[in-house]
Amino acid sequence: MKLKDKVVIITGATAGIGRSSAIIFAAEGAKVVAAGRSVEKGNSLVDEIKAAGGEAIYVPTDVLKEEDLDNLVKAAIDTYGRIDVLFNNAGVAYTVPLEEMTQDKWDWVLNMNTRSLYMLTKKCMPYILESKGNILNTSSIAGLKATAYGYAYNTSKYAVNGLTKCLAADYAAQGIRVNAICPGLTLTDILSQVDEAIITAASATIPMKRLAEPEEIAKVALFVVSDDASFMTGQTIAVDGGMTL
């Protein structure tokens, strides 16, 4: 098993890439600390993992609330005594023309996608240092190239990539790896509200002519946080069907 007895915190674990990662990581032996806002979805995830023979707890978490982040770290330590992997996966997407961007929305996107990641990383780092663990951040291809109306979203994801590289550079000598995955268009709950014709049109722009399944992104995440990637740090890995070619 690639993550046997590793304690892994996953934010945004109740849906999409986070949920798929929680299930796959648990199947590979991880003790999953699943963080998310939906209690119903969180409990359902834990039930599914346990039914398959895995181990997990759910911690209700709004990553914009510092007290929730403190409680998340405390729950991981109180339950399992250590933190081996932090998967900063929670985030939001919001794109509008510049003229329609409000200060509140700008702050919301940057706080969700960047500030919360920085805060939780800082709180977990003492434990990551103890375990010689690693950190994975969910970025986006929007952190690698400009996309339409991505003023706040692209800015936040470029910031994630920059933070990833700074952390990797500063902690490499202490044995800590920090990487980011940059998914392309992926079939998550967000897309369930999008017209099928729009999804079809978007798929046509991808060299592989389809969108990713969350499990495909999660399998790359598994590789990056496992010892199979032991000499990889500071990388921003596109998983996008060729969109950034």
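Predicted model: local features only at pLDDT ≥ 70, side-chain atom pairs only at ≥ 80, totals over all residues.

Guide: Residues are numbered from 1 along each chain as its sequence is written, and side-chain values use heavy atoms, with hydrogens and water left out.

Visitor: What makes H1 largely enclosed by the rest of the structure?

Guide: Helices (H or I, at least four residues) and strands (E, at least two) are DSSP runs, numbered from the N terminus. Buried means under 20% relative accessible area, exposed means over 50%, and partly exposed lies in between, with a 1.4 Å probe and protein chains only. In H1, 9 of the 12 residues are buried, so the helix is largely enclosed. The buried residues are Gly16, Ile17, Gly18, Ser20, Ser21, Ala22, Ile24, Phe25 and Ala26.

Visitor: Which elements do the buried residues of H1 pack against?

Guide: Contact means heavy atoms within 4.5 Å. The partners are strands S1 (7-11), S2 (31-36), S4 (85-88) and S6 (177-183), together with helices H2 (39-51) and H7 (214-225).

Visitor: Why is H1 called roughly parallel to H2?

Guide: Axes are lines fitted to C-alpha atoms, for helices over the stretch in contact, and angles run from 0 to 180 degrees between N-to-C directions. Angles under 35 degrees count as roughly parallel, over 145 as roughly antiparallel, 65 to 115 as roughly perpendicular and the rest as oblique. H1 and H2 pack at about 25°, with axes 10 Å apart. That angle makes H1 roughly parallel to H2. The contact joins Arg19, Ala22, Ile23 and Ala26 of H1 to Ser44, Leu45, Glu48 and Ile49 of H2.

Visitor: How do the residues of the contact of H1 with H2 divide?

Guide: Ala, Val, Leu, Ile, Met, Phe, Trp, Tyr, Cys and Pro count as nonpolar, Asp, Glu, Lys and Arg as charged, and the others, Gly among them, as polar. The contact has 5 nonpolar, 1 polar and 2 charged residues.

Visitor: Why are H3 and H4 called roughly parallel to each other?

Guide: The axes of H3 (residues 66-80) and H4 (residues 103-131) cross at roughly 30° and come within 10 Å. H3 and H4 are therefore roughly parallel. On the H3 side, Glu66, Leu69, Asp70, Leu72, Val73 and Ile77 take part, and they meet Ser116, Met119, Leu120, Lys123, Cys124 and Tyr127 in H4. By class, this contact has 8 nonpolar, 1 polar and 3 charged residues.

Visitor: What makes H4 and H5 roughly parallel to each other?

Guide: Their axes come within 8 Å and cross at roughly 15°. H4 and H5 are therefore roughly parallel. The contact includes Leu117 and Tyr118 of H4 and Leu163 of H5. Its residues divide into 15 nonpolar, 5 polar and 1 charged.

Visitor: Why does Leu163 count as partly exposed?

Guide: Leu163 has 21% relative accessibility, which makes this residue partly exposed. Its place is in H5 (residues 151-171). Apart from neighbours within four places in sequence, Leu163 is in contact with Leu117 and Tyr118.

Visitor: What makes Glu28 partly exposed?

Guide: Its relative accessible area is 22%, so Glu28 is partly exposed. Glu28 is found in the loop between H1 and S2. Not counting residues up to four places away in sequence, Glu28 touches Met1, Lys2, Leu3, Lys4 and Leu222.

Visitor: Is Lys209 buried or exposed?

Guide: At 55% relative accessibility, Lys209 counts as exposed. Lys209 lies in the loop between H6 (196-204) and H7. Its phi is near 65°, a positive value in a residue other than glycine.

Visitor: What is the phi of Tyr149?

Guide: Tyr149 has a positive phi of about 60° although it is not a glycine. Tyr149 sits in the loop between S5 (134-138) and H5. With a relative accessible area of 46%, Tyr149 is partly exposed.
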